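Please look at the sequence and the structure first.

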Amino acid sequence: MHDATHTALGQLTLVATGYVGLVAVAALVLTLRRRPRPAWLDQGVWIAELLMAVRVVAGIGTMLKGERPDELSAHVGYLVAAVAVLPIAMQSLANDRGPWSSGVIAVAALAVAVVGVRLQMTL
């Protein structure tokens, strides 16, 4: 078994997943401190979404070049989830800036971080 972090796709996955994890921690801290959701957290979420979108496009490009993961259907499901969860969470919070909205972001970002790890594992 080869170490997937030595590839460009593996490193991109590591960066995107790490950033999403950072967003999850920041959102959790804001929730625990019961602070209203600041605008910078929203910006962080959208940057995380952009990183995951780049990761998904790179993953699709890799598959189109002929490198197929062992479990193709699970891998494609992870690719879809990686870019779907955060926008759905943000849309559900469009009119709520309260402290618990940061909690929703924390859960959604944690879910995307787990999906990023699973993407790495299914390479």
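The text below moves from the overall fold to one helix and then to the core.

The model is predicted, so local features need pLDDT of at least 70 and side-chain atom pairs count only at pLDDT 80 or more, while totals for chains, interfaces and linings use all residues. Residues are numbered from 1 along each chain as its sequence is written, and side-chain values use heavy atoms, with hydrogens and water left out.

The chain has 4 helices and 0 strands, where helices (H or I, at least four residues) and strands (E, at least two) are DSSP runs numbered from the N terminus. Its overall values are as follows.

| Property of the chain | Value |
|---|---|
| Accessible surface (Shrake-Rupley method, 1.4 Å probe) | about 7,000 Å² |

Of the 123 residues, 40% count as buried, meaning under 20% relative accessible area with a 1.4 Å probe, protein chains only.

Helix α1 covers residues 8-32. Among its buried residues are V20, V23 and A27, and their cover includes α2 (39-64) and α4 (99-121). Just after α1, R34 takes a positive phi of about 55 degrees.

The largest nonpolar core has 26 residues, and V20, V23, M52, L86 and I105 have the most contacts inside it. Such a core is a set of buried Ala, Val, Leu, Ile, Met, Phe, Trp, Tyr and Cys residues joined through side-chain atoms within 4.5 Å. Its largest share, 8 residues, comes from α4.

Note on methods. The expected span of a helix is 1.5 Å times one less than its number of residues. Buried means under 20% relative accessible area, exposed over 50%, partly exposed in between (1.4 Å probe, protein chains only). Contact means heavy atoms within 4.5 Å.
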